[in-house]
Every structure is written in structure tokens, then in C-alpha cells.
Amino acid sequence: CYLGLGDYAAAEPHLQIALELGREHFAADDWRYVDMLSILADLRARQGRFTELDPILEELDSRARASKGPEHPLARFILDLRAKIAFDRGRPAEAAAALRG
């Protein structure tokens, strides 16, 4: 996987195609689509494209809760990612609030 190798530019078109196919073939709460969204969120965070990440996290949070419930580990991943983003943006109080859930 290009993402694992740190080649974000090469990873992005493959992920975009996967997301398009996922939207076409999976229901809104299908776990496979939720997983693809989490990979896109991870990519945007690694790229530092935080303004693009906010709407992805909102969609990911709502779809993940619909698919697996609020206690699923992905819900924790989303909170951790929100905390990391807030910290990277120089907002430590927001980061702490995200970690408290």
C-alpha cells in the first residue's frame, strides 16, 4: 500500500477510486465504506490537509456510529485523530477535550 510506504501522492488516486466504488456499491452504514473513509482521514492527517479533514471526520463519525455503534474502536480512533489535529493546530485545550470524548 502506498500509504504505508509514505507515498501519499500515489495512494490518493487509488483511494479516491475505492471510495467512488464504495459509494456506488455499499450502503451508507456498510463497514467496508466506513473503513475506506478512515483511510482517507488518515491520509489527510498525514498530508496535513486539516481543513479537508474536518468534513471527512464528521461523515466518518456518523457512518461509524451507524455501522458499529459509539463504543467501537473506530469511535476512539476518530476522537484520537481529532485530538491530534487540534494539537497540531496549536489548540491544546481542544485536543484535551477530544481525548475526554
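Contact here means heavy atoms within 4.5 Å. The model is predicted: local features need pLDDT of at least 70, side-chain atom pairs count only at pLDDT 80 or more, and totals for chains, interfaces and linings use all residues. Residues are numbered from 1 along each chain as its sequence is written, and side-chain values use heavy atoms, with hydrogens and water left out.

**Stop 1: S38**

Select S38, which sits in helix 3; helices are DSSP runs of H or I with at least four residues, numbered from the N terminus. S38 is buried, at a relative accessible area of 9%. Buried means under 20% relative accessible area, exposed means over 50%, and partly exposed is in between, with a 1.4 Å probe and protein chains only. Show its surroundings: leaving out residues up to four places away in sequence, S38 touches L60, L74 and F77.

**Stop 2: helix 3 against helix 5**

Now select residues 31-47, helix 3, together with residues 73-88, helix 5. Two packed helices are described by the angle between their axes and the distance between the axes. Axes are lines fitted to C-alpha atoms, for helices over the stretch in contact, and angles run from 0 to 180 degrees between N-to-C directions. The axes of helix 3 and helix 5 come within 12 Å and cross at roughly 20 degrees, so the two helices are roughly parallel to each other. Angles under 35 degrees count as roughly parallel, over 145 as roughly antiparallel, 65 to 115 as roughly perpendicular and the rest as oblique. The crossing of helix 3 past helix 5 is left-handed, that is, the near helix is turned anticlockwise from the far one by less than a right angle.

To see the contact, display W31, V34, S38, A41 and A45 from helix 3, and L74, F77 and L81 from helix 5. By class, this contact of helix 3 with helix 5 has seven nonpolar residues, one polar and no charged. Ala, Val, Leu, Ile, Met, Phe, Trp, Tyr, Cys and Pro count as nonpolar, Asp, Glu, Lys and Arg as charged, and the others, Gly among them, as polar.

**Stop 3: helix 4 against helix 5**

Helix 4 brings F50, L53, L57, E58, L60, D61 and A64, which meet L74, F77, I78, L81, R82, I85 and D88 of helix 5. The contact of helix 4 with helix 5 has ten nonpolar, no polar and four charged residues.

**Stop 4: the core**

The largest nonpolar core has 22 residues, and those with the most contacts inside it are L19, A41, L53, L57 and L60. Such a core is a set of buried Ala, Val, Leu, Ile, Met, Phe, Trp, Tyr and Cys residues joined through side-chain atoms within 4.5 Å. Helix 2 (8-25), helix 3, helix 4 (50-68) and helix 5 each supply at least two of its residues. Helix 3 gives the largest share, eight residues. Pick L19: beyond four places in sequence, L19 touches Y33, M36, L37 and L40.

**Stop 5**

Go to R49, in the loop between helix 3 and helix 4. R49 is partly exposed, with a relative accessible area of 26%, and touches E12 and R44, not counting residues up to four places away in sequence.

Finish at A95 in helix 6 (residues 92-100). A95 is buried, at 6% relative accessible area. Setting aside neighbours within four places in sequence, A95 is in contact with A83, A86 and F87.
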